[in-house]
Amino acid sequence: MKNKQEILAALARSNEERLLLAGLLDKEQTCVSRGYLTHTKFLDLNERALCAEAVRLSGAAGHALFWGGYEDAERGVYLFYPDYLDGDGARQAAPLALLRAHKRKEDALTHRDYLGALMGLQIERAVIGDILVHDEGADILVLEEMADFILLHFSKAGRKQISLTREEIGNLKAASAVEKSGSGSVASPRLDSVVALVFGLPRTEAQVRIEKGLVFLNHAPCLKPERQVDEGDRLTVRGLGRARIEAFGGTSRKGRLFINFVKTV
């Protein structure tokens, strides 16, 4: 177990990361000393991985969890919960709100349209979680403290009129997504080889994306092209979608390894 200064020295590579981690660790200490639920703002995948390592080093993993309103959320908050709560109780008590944007059937609105309009309200990106676009409009997860402001001021997206309602998080609508099963072969289960196969990239481009921190393995950035991928692993490539490795099959006569996967775009 490391103290705050040791964790900051070990993990923070910039002033922004130092502020993020210091705030995270302060939230954890407040939870312990005052005995109530505390939370961060919404974190992206890079911030999530950094905070997860800080939580591990601090010894706080037993009363901390990442939650974005539903399983497999990309953006979420870190919750620290006191002894009288368990993980399920912490999720239920999380200060998240679900707002549903309703559009006209003939209007085609994208994730970018909704996010751009929200940013036009001059609010922080960190108060907004995942935006799940579906046929009726979009389900938007936000911090409870911002819900009333957004309900009052958010009326257009992509120059199209929308209306908002507050919904129970348990009634969240899944994003409209297309899952495609695929298969192929790789020379080895290295991350760069698997990413190249699944996302249709040249291997050199897959390596560049990995080294730039654009590839996530099981929700954490992985900067090592040689990292081995296993069955059940989840891949995310910024701008290209997500995938799940279903199974490794046998090998070809040339010794190549067969892979089955499901990609979401």
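Which element gives the most to the lining of the largest pocket? It is β5, with 5 residues. Strands here are DSSP runs of E, at least two residues long, and helices are runs of H or I, at least four, both numbered from the N terminus.

Some ground rules before I go on. This is a predicted model, where local features need pLDDT of at least 70, side-chain atom pairs count only at pLDDT 80 or more, and totals for chains, interfaces and linings use all residues. Residues are numbered from 1 along each chain as its sequence is written, and side-chain values use heavy atoms, with hydrogens and water left out.

Now the pocket itself. On a 1 Å grid over the protein atoms alone, a pocket is an open set of points with protein on both sides within 12 Å along at least five of seven lines, where a 1.4 Å probe fits; lining residues have an atom within 4 Å of a point. The largest pocket holds about 1200 Å³ of space, the volume being what is filled by probe spheres set on the points, with points joined across faces, edges and corners. Its lining has 33 residues, and those nearest the centre are E74, L132, A175, R242 and T264. Two or more lining residues come from each of β5 (128-134), β13 (234-237), β14 (241-251) and β15 (257-264). By class, the lining has 15 nonpolar, 8 polar and 10 charged residues. Nonpolar is Ala, Val, Leu, Ile, Met, Phe, Trp, Tyr, Cys and Pro; charged is Asp, Glu, Lys and Arg; the others, Gly among them, are polar.

The second largest pocket contains about 310 Å³. Among its lining residues are L11, R13, E17, N46, E47 and P221. Here α3 (45-58) and β12 (220-221) each supply at least two lining residues, and α3 gives the most, with 5. This lining divides into 6 nonpolar, 2 polar and 4 charged residues.

Last, the chain as a whole. There are 8 helices and 15 strands. The radius of gyration is 20 Å, close to the 18 Å from the globule rule for 265 residues, so the chain is as compact as a globular protein of that length. That radius is taken over C-alpha atoms, and the rule is 2.2 Å times the number of residues to the power 0.38. The C-alpha trace spans about 60 × 55 × 35 Å along its principal axes.
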